[in-house]
Amino acid sequence: MKSSAEMAKVVRDIADYGGYGTSGLQQLWANTAQLADKCRLDPHTDLGWKQPRTPESDVLGLLQPARQELQQRTESALLQRFSSFSGSKLEKAKDRLSVELATISNLGFESYFLTVAEVSEMIRTMGCAEPHEAPVRRR
């Protein structure tokens, strides 16, 4: 890659060797800028960077938006998994779940998590061995 100064010299040399003079030099710069504008891509708009591509709700067979489905499933699972929790301990777990769900939602990954749950369930129903659950850390 050449520096700006090196590129300016190349353009001047091309215009000089081609016999185009100053007007040719200006036209070459204008054409180069126009071509660069046509080639320029915006990673977010043109390429979809940082925009998750996950299955739509109907592919997963959801009857409600993915966000609502994930919230209902996780809240239900929290109450089952931590059935011994009550009072402030339960509220702390619910608050943490809210923070985690907000992060997932802000990133647009609700259907990703539901897809992983769906695949995990398919594997379980196929009779494949399941990894042992990691122990729950309790403070």
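## Packing of H3 against H4

In this predicted model, where local features need pLDDT of at least 70, side-chain atom pairs count only at pLDDT 80 or more, and totals for chains, interfaces and linings use all residues, helices H3 and H4 pack at an angle of about 155 degrees with their axes 11 Å apart. Residues are numbered from 1 along each chain as its sequence is written, and side-chain values use heavy atoms, with hydrogens and water left out. The axes are lines fitted to C-alpha atoms, for helices over the stretch in contact, and the angles run from 0 to 180 degrees between N-to-C directions. H3 and H4 are therefore roughly antiparallel to each other, on a scale where angles under 35 degrees count as roughly parallel, over 145 as roughly antiparallel, 65 to 115 as roughly perpendicular and the rest as oblique. H3 passes H4 in a right-handed crossing; a crossing is called left-handed if the near helix is turned anticlockwise from the far one by less than a right angle, and right-handed if clockwise.

On the H3 side, the residues that meet H4 are Arg-67, Leu-70, Gln-71, Thr-74, Glu-75, Leu-78 and Leu-79, and their counterparts in H4 are Leu-90, Ala-93, Lys-94, Leu-97, Leu-101, Ile-104 and Ser-105, where contact means heavy atoms within 4.5 Å. The residues of this contact divide into eight nonpolar, three polar and three charged, with Ala, Val, Leu, Ile, Met, Phe, Trp, Tyr, Cys and Pro counted as nonpolar, Asp, Glu, Lys and Arg as charged, and the others, Gly among them, as polar.

## Ala-93 in H4

Ala-93 lies in helix H4, which spans residues 87-107. With a relative accessible area of 16%, Ala-93 is buried, given that buried means under 20% relative accessible area, exposed over 50%, and partly exposed in between, for a 1.4 Å probe and protein chains only. Leaving aside neighbours within four places in sequence, Ala-93 is in contact with Leu-78 and Phe-85. The C-alpha atoms of Ala-93 and Glu-75, which are 18 residues apart along the chain, are separated by 10.0 Å.

## Packing of H3 against H5

Helix H3 (residues 66-81) also packs with helix H5 (residues 110-125), their axes coming within 8 Å and crossing at roughly 55 degrees. H3 and H5 are therefore oblique to each other, and their crossing is left-handed. In this contact, Ala-66, Arg-67, Glu-69, Leu-70 and Arg-73 of H3 meet Glu-110, Ser-111, Phe-113, Leu-114 and Ala-117 of H5, a set of residues that divides into five nonpolar, one polar and four charged.

Glu-69, which is found in helix H3, counts as buried at 15% relative accessibility. Not counting residues up to four places away in sequence, Glu-69 touches Leu-62, Gln-64 and Leu-114.

## Aromatic residues

The structure holds three aromatic pairs, where rings of Phe, Tyr and Trp (its six-membered ring) pair if their centres lie within 6.5 Å, and planes under 30 degrees apart count as stacked, over 60 as edge-to-face and the rest as tilted. One of the pairs joins Tyr-112 and Phe-113 in an edge-to-face arrangement, with 5.7 Å centre to centre and 90 degrees between the planes. Tyr-112 is partly exposed, with a relative accessible area of 43%, and Phe-113 is likewise partly exposed, at 37%. Phe-109, Tyr-112 and Phe-113 form one aromatic cluster.

## Packing of H1 against H2

Helix H1 (residues 4-17) and helix H2 (residues 21-39) pack at an angle of about 130 degrees, with their axes 9 Å apart, which makes H1 oblique to H2. H1 passes H2 in a right-handed crossing. The H1 residues Met-7, Ala-8, Val-11, Arg-12, Ile-14 and Ala-15 meet Gly-21, Leu-25, Leu-28 and Trp-29 in H2, and the residues of this contact divide into eight nonpolar, one polar and one charged.

## The chain as a whole

The protein chain has five helices and zero strands, and it follows the pattern α-α-α-α-α when read along the sequence; helices (H or I, at least four residues) and strands (E, at least two) are DSSP runs, numbered from the N terminus. Of the 139 residues of the protein chain, 17% count as buried. Among the contacts in the chain with a separation of 6 or more, residues 24 or more positions apart account for 48%.
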